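Please keep the sequence and the three-dimensional view at hand while reading.

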Amino acid sequence: MTGPALGADVDGSQHYCTYSSTLSTVTCPQPAAWHILWNRAADASFACTEHMATVQRELTYYDRHPPHPDCGMPGARWSVAEKRCGYPADLAQRASQAAAEPVGSPS
Ligand SMILES: [Zn+2]
Ligand SMILES: [Zn+2]
């Protein structure tokens, strides 16, 4: 059994705005400035600065953060606490590291 052919490493960190004025095709060519979580069912979109402004004027969303390379990847989860998307094991490790760091050590 063989997997899909893997090409050269590509930079998948650039996300693009998913705004659509026709509701069928994406009509905005701008790079995304925000990853938007619409609800707790994890429906999410990307928006450029201009369309984030439209969202803030006209819509209600649950959370947002600047795009991260893990955003939109299969298996990545939205972390409201960390303001990013990531894989569960990675997010858990980062959370435990943060908890283990002493806060305000006396000098
Ligand atoms: Zn846009
Ligand atoms: Zn994200």
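A nonpolar core, as the term is used here, is a set of buried Ala, Val, Leu, Ile, Met, Phe, Trp, Tyr and Cys residues joined through C-beta atoms within 7 Å. A residue counts as buried if 20 or more other C-beta atoms lie within 10 Å of its own. The model under discussion is predicted. Its largest nonpolar core has eight residues, namely Cys-17, Tyr-19, Ala-32, Trp-34, Ile-36, Phe-46, Ala-47 and Cys-48. Strand 1 and strand 2 are the elements that give two or more residues to this core.

The core may now be placed in the chain as a whole. Two helices and five strands make up the secondary structure, and from the N terminus on the elements follow the order β-β-α-β-β-β-α. The chain has 107 residues, of which 18% count as buried. Among the contacts with a separation of 6 or more, 33% are accounted for by residues 24 or more positions apart.

Three strands form an open sheet in the order 2-1-3, with antiparallel pairing. Strand 2 (44-47) and strand 3 stand at the edges; each has a single partner strand, so one side of each is left without a neighbour in the sheet. From one strand to the next, the twist averages 25°.

Strand 1 (residues 34-37) is joined to strand 2 by four bridges, and the two run antiparallel. Within this pairing, Leu-37 stands opposite Ala-44, while His-35 has Phe-46 as its bridge partner. The two strands form a hairpin with six residues between them, and Ala-42 in the turn has a positive phi of about 75°. Asn-39 also belongs to the loop between strand 1 and strand 2. With 11 other C-beta atoms within 10 Å, Asn-39 is exposed, because a residue with 12 or fewer such neighbours falls in that class. In space, the C-alpha atom of Asn-39 is 5.4 Å from that of Tyr-62, although the two residues are 23 apart in sequence.

Leaving aside neighbours within four places in sequence, Arg-64 is in contact with Trp-34, His-35, Ile-36 and Leu-37. Arg-64 has 18 C-beta neighbours inside 10 Å and therefore counts as partly exposed. The C-alpha atom of Arg-64 is separated by 9.6 Å from that of Trp-78, which lies 14 residues apart from it along the chain. Trp-34, one of the core residues, is in contact with Ala-47, Met-52, Arg-64 and Pro-66 when its neighbours within four places in sequence are left aside.

Helix 2 remains to be described. How far apart are the end C-alpha atoms of helix 2 (residues 88-100)? They are 18 Å apart, which agrees with the 18 Å that its 13 residues should span at 1.5 Å a residue. Is helix 2 largely buried or in the open? Of its 13 residues, the number buried is zero, so helix 2 lies largely in the open.

Methods
Residues numbered from 1 in each chain as written. Chains lettered and ligands numbered in written order. Predicted model: local features only at pLDDT ≥ 70, side-chain atom pairs only at ≥ 80, totals over all residues. Contact = placed C-beta atoms within 7 Å. Pairing = 2+ DSSP bridges. Axes fitted to C-alpha atoms, helices over the stretch in contact; angles between N-to-C directions. Expected span 1.5 Å × (residues − 1).
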